[in-house]
Every structure is written in structure tokens, then in C-alpha cells.
Amino acid sequence: MNISIRMIGIATTIFWIFLILFTITAAYSVKDIQFHFGDPQTSMNAHNQVVFSMPISIVNRGYYDVGHFNVTSRIASEDGSEITRGSTFIPVIRKDELVTAYHNLTLDINDLLESDANYLFNDTNLRIYESVGLWLAQVIPVQASTNFTIQWGAPLYNFTIGQPQFSVYNMTHSRVAVPISFENHAFFDLTGTIQVRMFSGGTQIGEGQTNVEALQNSRYDGNVDLYVSNTLVDLSNVRFEVYFLSPFFNYGPWVIPYG
Amino acid sequence: MDEKGDDSRRKIRRIVFLALKATIKATIFYVIYFIVSGFLAPVSELIPGFQQMIEAFVMVYIVLMIISDLTSGTIYQHFFNAAKALFVMAYLILSLNGGLFGVTFENVSLLVDLRVFLVVAMLLSLLGLAKSVLQAINYMSEKAEPKLL
């Protein structure tokens with residue numbers, strides 16, 4: 001029995017030494033894993049969605065491989081409902097290896113506007129949830145997570161249709177100049193078309209469009225010219241329908257009564 | 001008279017030997033801790049209270065080890081060995097919060113899942129506990145055996 005007990009003791013001691021050495025070297029390896037998060041790039045994909053792409057470089061100079069590297073980003077509205085989510089997963093980062101990956105987050109502004117048109121006209125806050133996880137030595141899962149708030153700038157902030165200016169174009173038609181103004185608070189330069197349709201008593205009596213180009217944080221002031229038949233104009237019952245067409249989003253009709 | 005003197009001299013020698021053995025073991029254990037704590041310094045910077053946690057563990061473990069060595073050759077040695085194994089188990093479970101270790105720095109929360117480590121450590125501690133029980137049984141059975149003349 002003494003020999004068996006001694007063998008148990010020796011085996012236990014050896015396993016303890018292995019376990020402690022492994023734990024210490026795994027913990028020590030953490031400081032030798034370097035992460036570099038590059039500047040996010042914005043681009044458009046084939047489906048006219050905005051793609052935020054962030055390069056991530058990981059250098060593993062630790063004693064062990066790193067497994068299950070995972071970056072997850074979630075964007076939510078102020079009330080907590082999810083707008084978009086993106087994940088990047090790298091199964092294994094071998095020791096002494098450099099791995100570069102792109103963490104992509106796709107934002108469909110059309111979907112966003114469908115859920116709430118306020119994003120087009122009003123600035124608001126968005127909640128960003130970020131989490132980075134990995135398995136140290138492919139055995140010990142570690143996860144770091146954070147959340148913060150960023151401001152969403154409305155691309156058509158304070159959009160206003162001014163007083164239409166009527167002028168005689170020819171014997172049969174009048175020209176209507178509809179003044180339009182807004183401020184582009186979005187993170188992108190806004191280029192596109194604003195289309196205005198004029199209705200009188202349920203019948204479309206004129207249509208016009210103009211190209212707009214508003215840089216980030218700049219104000220746009222312009223006119224949309226419409227040509228309407230002199231006989232059709234009944235100013236007591238006029239409404240405008242406004243459409244926005246841009247590479248980032250299409251929105252409309254936005255109905256603005258007049259008169 | 002001479003026999004009595006020899007007996008007490010043998011007892012003193014034995015106590016001195018046990019004390020010396022306990023001191024050497026405790027010193028070796030502390031030196032190992034000292035070396036290992038150097039490696040753990042980066043972790044200590046990240047986790048507040050980590051250093052104190054380890055120090056408290058080492059202190060209690062060394063005390064149990066010394067008592068166990070001083071009571072060597074008696075049944076109490078096995079009690080203290082079992083207590084040592086139980087202390088390691090309880091300490092690991094409590095300090096590691098069941099294996100899920102979470103820390104928050106400002107707005108960043110860090111979660112480390114040490115359940116695999118904890119399971120292995122528990123198994124090894126159980127093995128240590130089993131060894132102590134077996135040693136106690138062996139000690140008692142040896143005591144109960146009739147001595148050959």
C-alpha cells in the first residue's frame with residue numbers, strides 16, 4: 001500500500017507542476033499577443049449597402065496558439081433595438097504568426113429608414129457594443145467587451161421646403177421654383193437627386209428634379225423647378241411629394257401639404 | 001536512568017529534525033512562490049487584489065504544511081494533509097468564483113473562463129485528498145497489526 005500511496009503522491013505532484021507551469025505560461029503569453037485595429041474604411045457594396053471595414057492585425061508571440069479569435073460588433077438604436085451586427089472569426093492563430101483580417105459591418109440605410117425615417121431628418125445617438133474573444137492556448141476562453149455611444153448625423157437635417165415661387169414660363173405653363181434646404185450631418189458626402197412632384201386635388205400637375213451635392217457638415221440650399229399647366233393650378237389644394245434618390249439610400253414619397 | 005535520558009534525547013533530536021524538515025520545505029515552497037510571483041506580475045497589474053489573494057493562499061498553505069510536518073508520524077499529520085487538500089479546493093472555488101472570473105476596468109469588462117483549469121485542479125486536489133485518506137487508513141492498519149516479536 002505504501003508504494004501505491006507514494007505513486008499517487010508523485011503523480012499528483014507532477015500533474016500539479018504541469019498545471020501551474022501551463023497556467024503561468026498561458027497567462028504570461030497574454031502580454032505577447034498584440035492587436036492592431038486600423039482606421040475603419042467606408043465603402044459601398046453591390047447591394048448599395050454601406051460597409052464599414054476595419055483592418056485587424058494580430059501578432060501572436062506567446063508560447064501557445066490562440067484559438068477562436070472572434071470580434072463582434074453590434075449597433076443598436078437608443079431604445080436598444082438592433083440595427084446591424086457583424087462578426088469576424090479566426091479559428092487559429094499559430095504562435096509566431098501574424099494574421100490580418102478585415103472586420104466588416106454592413107449597414108443598409110434603406111432598411112434603417114424603413115424602420116424609422118427619423119434617422120434621415122434628426123440627429124440621434126447609436127449604441128455600439130463591441131466584444132473581442134479568444135481562447136488562450138486554445139483552452140482558456142477570454143472575452144473583453146465594451147459599449148459606447150456615437151452620434152448619428154442625419155443626412156437631411158432640418159429639411160425645409162420654402163415658399164414656392166410662381167412665374168410665367170409661356171402662354172400655357174408656369175414655372176414653379178420650390179426652394180429646398182437642409183444640412184448634411186451624416187458621416188458621408190451626400191450626392192443624389194431630389195425629385196419633387198406637385199399634386200393638385202389628387203392629380204399630378206408637375207414634376208421636377210435637381211441634383212444635390214452636400215459635403216459632410218455642410219448646408220445645401222437650392223431650387224427644384226417644376227413646369228405646370230396654367231389651367232391646372234388650384235393653390236387651395238396643393239401637395240408636394242418629395243423623393244430622395246442617392247447611392248446610399250432611396251426615400252419617398254414624403255408628402256408635404258401646401259396652401 | 002540512562003534509557004530515560006536516551007529516550008528524551010531521541011525525542012528532542014526527532015523534534016529538531018521535524019522542525020528542520022518543515023523549515024526547509026517551507027523555505028523551498030516560498031522560494032518557488034517568489035520565482036512564480038515574478039512571472040505573475042503582469043497579471044497582478046491587471047487584476048486588483050490578485051497579489052494579496054495569492055499571498056493569503058501561500059501563507060495558509062505554508063502554515064498547514066509546517067503543522068503537517070511537525071505532526072509527522074502521528075495520525076494528525078494525515079488530518080492536516082487532508083485539511084490542506086480541502087483548503088486548496090475551497091480556496092480555488094471561492095477565489096475563482098466557480099471558474100468564471102470577471103473584472104471591469106472603466107467601461108471594459110473582461111471575462112476569463114477558468115472552468116477547465118478549475119476542473120483539473122479539483123481532480124488533482126481530490127487525488128491529494130484520497131492520498132491523505134489512504135495514508136490515514138494505512139497508518140491505522142499498521143498500528144493495529146500485531147508486532148512480530
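User: What should I know about the numbering and the model?
Analyst: Residues are numbered from 1 along each chain as its sequence is written, and chains are lettered from A in the order in which they are written. The model is predicted, so local features need pLDDT of at least 70, side-chain atom pairs count only at pLDDT 80 or more, and totals for chains, interfaces and linings use all residues.

User: How far does the C-alpha trace of chain A span along its principal axes?
Analyst: About 120 × 30 × 25 Å.

User: How much of chain A is buried?
Analyst: Buried residues are 18% of its 259 residues. Buried takes 20 or more other C-beta atoms within 10 Å of a residue's own, exposed 12 or fewer, partly exposed in between, with C-beta atoms placed from the backbone.

User: New topic. Is B:L18 buried or partly exposed?
Analyst: Partly exposed, because B:L18 has 17 C-beta neighbours inside 10 Å.

User: Which residues does B:L18 contact, leaving aside neighbours within four places in sequence?
Analyst: B:D69, B:L70 and B:S72. Contact means C-beta atoms, placed from the backbone, within 7 Å.

User: And how far is B:L18 from B:A85?
Analyst: They are 67 residues apart in sequence and 21 Å apart in space, C-alpha to C-alpha.

User: Back to chain A. What share of contacts with a separation of 6 or more comes from residues 24 or more positions apart?
Analyst: In chain A, 60%.

Technical notes:
Two residues are in contact if their C-beta atoms, placed from the backbone, lie within 7 Å.
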